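Here are a few notes from going through this model. Have a look at the structure first, then see whether you read it the way I do.

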Amino acid sequence: MFLDYFALGIIFFVVIFIFYGIIAIHDIPYEIAKKRNHPQQDALHIAGWVSLFTLHAIWPFLWIWATLYREDRGWGFSDSRKRELILEGEVKELMNHVTALTDRLSLLEQRSAVTTPPVSDEHSKEA
């Protein structure tokens, strides 16, 4: 008689444990989204409750949706914005260098035009 009640108690405990475990699991994507400051936290939370009613059929997709976004890099997997800023700085540096070289070349051409005597017509006729 005691073992029957003990087995019934274990069954109730397991059922309650599984029930609360499923409820705790459904909220994991929302917690990830909240930690990452996801812009669609509320939608993930509601979709988590919907996944509870669909026996967690869409839960893996919610987990992927929650983990795709990070505040420091947005939706992408690479740091393309950072790379763009680096390249933009390098282009500006190269443009400044080209401008400095152009100014230097024009200054050198002016100096050589002033210091070299003009070629006379007699020398050009003889040649």
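Let me start with a question: does Ile22 count as buried, partly exposed or exposed?

1. Keep in mind that this is a predicted model. Ile22 sits in helix 1, and it counts as partly exposed, because its relative accessibility is 34%, between the 20% and 50% cut-offs.

2. Leaving out residues up to four places away in sequence, Ile22 touches Leu52 and His56. Leu55 is 33 residues from Ile22 in sequence, yet the two C-alpha atoms are 9.1 Å apart.

3. Ile22 also belongs to a nonpolar surface patch of about 970 Å², with Phe2, Phe6 and Phe17 among the other members. Val14 is in that patch as well; Val14 is found in helix 1 and is partly exposed, at 38% relative accessible area.

4. On to helix 3, residues 41-53.

5. The buried residues of helix 3 are Gln41, Leu44, Ala47, Gly48, Ser51 and Leu52. Viewed down the helix axis they fall within an arc of 155°, so they line one face of helix 3. That buried set packs against helix 1 (2-26), helix 2 (28-35) and helix 4 (59-68).

6. Turned away from the buried side of helix 3 are the exposed residues Asp42, Ile46 and Phe53.

7. One backbone detail to look at: Leu55, which follows helix 3, has a positive phi, near 60°.

Note on methods
Residues numbered from 1 in each chain as written. Predicted model: local features only at pLDDT ≥ 70, side-chain atom pairs only at ≥ 80, totals over all residues. Heavy atoms only, no water. Buried < 20%, exposed > 50% of the residue type's maximum accessible area, 1.4 Å probe, protein only. Helix = DSSP H or I, 4+ residues; strand = E, 2+ residues; numbered from the N terminus. Arc of directions from axis to C-beta. Contact = heavy atoms within 4.5 Å. Patch = residues over 30% accessible without salt bridge, like charges linked within 9 Å, V, L, I, M, F, W, Y side chains within 5 Å. Areas by Shrake-Rupley, 256 points an atom, 1.4 Å probe, with all protein chains shown as cover. Salt bridge = Lys/Arg side-chain N within 4 Å of Asp/Glu carboxyl O.
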